[in-house]
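Here is a short note for a first reading of this entry. Please keep the sequence and the structure open while going through the points.

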Amino acid sequence: MTLPYIPKLVQWCFPKRIWHYSRKEKSIYLTFDDGPIPKVTPWVLQQLSSYNAKATFFCIGENIKKHPKLFSEIISKGHAIGNHTQHHYNCKSTEHLKYINDVSLCEDEIHTALDKEKEAIVTTKKLFRPPYGRLSLRASKTLRKLGYKIVMWDVLSVDYNATVSKEKCLENVLSHAKNGSVIVFHDSLKAENNLRYALPKVLAHYSKKGYAFKPIKD
């Protein structure tokens, strides 16, 4: 069973990875993995705009290549972007150099898309999130040397799991998110049903409580 939160012991064991931000500030960091996807990402952008909310999109290189204008739209609306590998490889089952090369391919795709649209990257650092949340110590060390900040999370909506109801998906977030939380959603077809139910309610709930939705920039 996938936990909707990351135990503090796990966070303590990997202190160089980003799990959350300051608990003193009333801010929430929404993140979306696996896009951009034409059927889902534009709706996500619309929902975020309705609340003047900014987020971070960890994109798959193949999807950037297929939908460069949609990727550019994410940037133009002031959201941050991160690398989620070119082919969504699982680090635990992929040879080291092949995995690192896949990250580099995605980075090339990011810059190619932005150059074509004459957009500027809004992040001050290169952000990376490993697919499935799995990353070897060797890969972690290599990526940090290449200048990446590894962004994990402390709250997981589990929206991608078809056995998790949309109500449970919402509960996963509302029960665990707090000041500085990094929350994971997915702008993917697999997660669409749960996402369309939970995201508007999360935005409304934390907006009423006075939270700011911020992009990850460093």
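1. The model is predicted. Start with helices α2 and α8, which pack at an angle of about 15°, with their axes 10 Å apart. An angle under 35 degrees counts as roughly parallel, so α2 is roughly parallel to α8. The crossing of these two helices is right-handed.

2. Which residues make the contact between α2 and α8? On the α2 side they are Trp43, Val44, Gln47 and Leu48. On the α8 side they are Leu195, Arg196, Leu199, Pro200 and Leu203. Sorted by class, this contact has 7 nonpolar residues, 1 polar and 1 charged.

3. Helix α2 (residues 41-50) also packs against helix α4 (residues 68-76). The angle here is about 15° and the axes are 11 Å apart. These two helices are therefore roughly parallel to each other. Their crossing is left-handed, whereas α2 passes α8 in a right-handed crossing.

4. Thr41, Pro42 and Leu45 are the residues that α2 brings to its contact with α4. From α4 come Leu70, Glu73 and Ile74. By class, the contact of α2 with α4 consists of 4 nonpolar residues, 1 polar and 1 charged.

5. An α-helix has 3.6 residues a turn, so residues three or four places apart point the same way.

6. Look next at the loop between β1 (27-33) and α2, where Pro36 is found. Is the peptide bond from Gly35 to Pro36 cis or trans? That bond is cis, with omega near -5°.

7. Asp34 lies in the loop between β1 and α2 as well. The phi of Asp34 is near 90°, which is a positive value in a residue other than glycine. Is Asp34 buried or exposed? Its relative accessibility is 15%, and buried means under 20%, so Asp34 counts as buried.

8. Asn52 is another non-glycine residue with a positive phi, in this case about 50°. Asn52 is placed in the loop between α2 and β2 (56-59). The relative accessible area of Asn52 is 63%, and the cut-off for exposed is over 50%, so Asn52 is exposed.

9. Helix α7 covers residues 166-174, and its buried residues are Cys169, Leu170, Asn172 and Val173. Why do they line one face of the helix? Seen down the axis of α7, the buried residues fall within an arc of 155°, so they line one face. Among the elements that cover them are β6 (155-156), β7 (182-186) and α8 (192-208).

10. Where does Arg134 sit? Arg134 is in the loop between β4 (126-128) and α6 (137-145). With 42% relative accessibility, Arg134 counts as partly exposed.

11. Arg134 and Lys92 are 42 residues apart along the chain, and their C-alpha atoms are separated by 6.5 Å. Leaving aside residues up to four places away in sequence, Arg134 touches Asn90, Cys91, Lys92 and Tyr99.

Notes
Residues are numbered from 1 along each chain as its sequence is written. This is a predicted model: local features need pLDDT of at least 70, side-chain atom pairs count only at pLDDT 80 or more; totals for chains, interfaces and linings use all residues. Side-chain values use heavy atoms; hydrogens and water are left out. Buried means under 20% relative accessible area, exposed over 50%, partly exposed in between (1.4 Å probe, protein chains only). Helices (H or I, at least four residues) and strands (E, at least two) are DSSP runs, numbered from the N terminus. The arc is that of the directions from the helix axis to the C-beta atoms. Contact means heavy atoms within 4.5 Å. Axes are lines fitted to C-alpha atoms, for helices over the stretch in contact, and angles run from 0 to 180 degrees between N-to-C directions. Angles under 35 degrees count as roughly parallel, over 145 as roughly antiparallel, 65 to 115 as roughly perpendicular and the rest as oblique. A crossing is left-handed if the near helix is turned anticlockwise from the far one by less than a right angle, and right-handed if clockwise. Ala, Val, Leu, Ile, Met, Phe, Trp, Tyr, Cys and Pro count as nonpolar, Asp, Glu, Lys and Arg as charged, and the others, Gly among them, as polar.
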